[in-house]
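I'm opening my notebook on a new protein today. The plan is to look things up one by one and jot down what turns up.

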Amino acid sequence: MKIDLTNTTSSKINAALMDARRASGSTAAGMVLTLVIVTDEGSAYDALKAANDASREHPSRTLAVIKRAGRSPRARAETRLDAEILVGTDAGSGETVILRMHGELAAHAQSVVLPLLLPDAPVVVWWPDNAPLNPAQDPLGALAQRRITDAVTAESPVGQLAQRAAGYTPGDTDLAWTRITGWRSMLAAALDQRDVAITGAVVEGESYNPSVELLGLWLHNRLRVPVERVVTGGPGITAVRLRTEDGDITLDRPDGLLGTLCMPGAPDRMVALKRRDTAELIAEELRRLDPDDIYATAVRTPVDRLRERIAGVGHAGPGGTVEAEAPAAAEPEEPKVVEAAVTAPARVTAKLPAKAAAEKAPAAKKPAARKRSGQ
């Protein structure tokens, strides 16, 4: 069932929801939370589709807030609320209300949303893109127990992690963290099977992907070992290697679908590590509404704790600076900045003494061949 309301109010929307529920033969709400999606027209379709799919696991009232301040002075002066109500199969297992706020009303979205929240039910706010710098201080974020952002959609995804750390409040989370749940589970299960000392770790993945950094920071915090971050072509995270005296424990996923777990003295095993869609990520986040302390620890760790290098370039120092060892007796020379061939030049630079770069720059190391069982 679909109901369109033009130039309406929150009370009329609530009345229309009650009428639609009675018409469908259900007088009870039967929903467990309110999901508020703050988005624009360009991202609304994908966000609502993901929320509707997630509602089959978490029946909820979904409120999509679309702010349309207007481009002209006349449009900005007009204050109007239009609503589109979806009930039944069009709204998954809950109710969906699309709120289009025109003019000055766009700056006071919380006054429209507040009367539409389910009574005595948790509130979750999700920004699919263009999230505020401090979600907890946002007028809509202040209404929620859980606030979901997505650093991947930012102009500088990895730089966004620093902003998330600076404005972190218990209840904040990010889909970049949710994307690595499978990797964390597999690596933790692998270490449970072998009582070995980890001496270091390597995380490989594409540039502009904050999930790779968060996985490396999580390993650094939990294992207390140096972690090297290697930039590859993706997709997403491609491999994690845990260094031990007996050999590397490797979780490799080159195609984004199926991973291979390799452990010293054990046959290789295929594991499911498919890249999940947004609906699965949102459904996972809605399963828990308490603060995620592990995420807080990881996101608050500076990204420059990871040593970064580009696949095929060589060693990288702290903060992503590619360096070459100069001779001990070499006299200091004028440093020469060499541009690194990567897609994130702001984060990965090369600083090489001119003479050392020509004489002592190490050749790119080829990855060691890995013996697989049955081959």
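This is a predicted model: local features need pLDDT of at least 70, side-chain atom pairs count only at pLDDT 80 or more; totals for chains, interfaces and linings use all residues.

**Entry 1**

I went to Asn130 first, in the loop between β6 (123-126) and β7 (146-149). Its phi is positive, about 55°, although Asn130 is not a glycine. Is Asn130 buried or exposed? It is exposed, with a relative accessible area of 64%, and the cut-off for that word is over 50%.

Tyr208 turned up next, with a positive phi near 60°. I found Tyr208 in the loop between β9 (200-206) and α8 (210-223). Tyr208 has a relative accessible area of 43%, so I wrote it down as partly exposed.

Then I checked peptide bonds. The one from Gly234 to Pro235 is cis, with omega near 5°. Pro235 belongs to the loop between β10 (227-232) and β11 (237-243).

**Entry 1: the whole protein**

I stepped back for some totals. I have 11 helices and 19 strands to keep track of. Of the 375 residues, 50% count as buried. I also looked at contacts between residues at least 6 apart in sequence, and 69% of them join residues at least 24 apart.

**Entry 2: the cores**

Which residues have the most contacts inside the largest nonpolar core? I got Leu187, Leu215, Leu219, Val240 and Leu242, in a core of 36 residues. Elements that give two or more residues to this core include α7, β9, α8 and β11. The biggest giver is α8, with 6 residues. I noted that in soluble globular proteins, nonpolar side chains tend to be buried together.

Leaving out residues up to four places away in sequence, Leu219 touches Leu187, Ala201, Val203, Arg224, Val227, Val240 and Leu242. There is also a second, separate core of 28 residues, and Ile13, Val36, Val125 and Ala131 are among its members.

His220 counts as buried because its relative accessibility is 17%, and the cut-off is under 20%. Apart from neighbours within four places in sequence, His220 is in contact with Val225, Val227, Thr301 and Arg305.

Next came α7, residues 181-193, with 13 residues. From first C-alpha to last, α7 reaches 19 Å, close to the expected 18 Å. The buried residues I listed in α7 are Thr181, Trp183, Arg184, Leu187 and Ala190. A reminder to myself: an α-helix has 3.6 residues a turn, so residues three or four places apart point the same way.

**Entry 3: a hole inside**

How many cavities of 30 Å³ or more does the structure hold? I counted 1. The largest cavity has a volume of about 40 Å³. I wrote down its lining: Pro135, Thr149, Arg164, Gly167, Tyr168, Asp172, Thr173 and Tyr295. Sorted by class, that lining has 3 nonpolar, 3 polar and 2 charged residues.

Conventions: Residues are numbered from 1 along each chain as its sequence is written. Side-chain values use heavy atoms; hydrogens and water are left out. Helices (H or I, at least four residues) and strands (E, at least two) are DSSP runs, numbered from the N terminus. The expected span of a helix is 1.5 Å times one less than its number of residues. Buried means under 20% relative accessible area, exposed over 50%, partly exposed in between (1.4 Å probe, protein chains only). On a 1 Å grid over the protein atoms alone, a cavity is a set of points where a 1.4 Å probe fits but cannot get out, and a pocket is an open set with protein on both sides within 12 Å along at least five of seven lines; lining residues have an atom within 4 Å of a point. Grid points are joined across faces, edges and corners, and a volume is the space filled by probe spheres set on the points. Ala, Val, Leu, Ile, Met, Phe, Trp, Tyr, Cys and Pro count as nonpolar, Asp, Glu, Lys and Arg as charged, and the others, Gly among them, as polar. A nonpolar core is a set of buried Ala, Val, Leu, Ile, Met, Phe, Trp, Tyr and Cys residues joined through side-chain atoms within 4.5 Å. Contact means heavy atoms within 4.5 Å.
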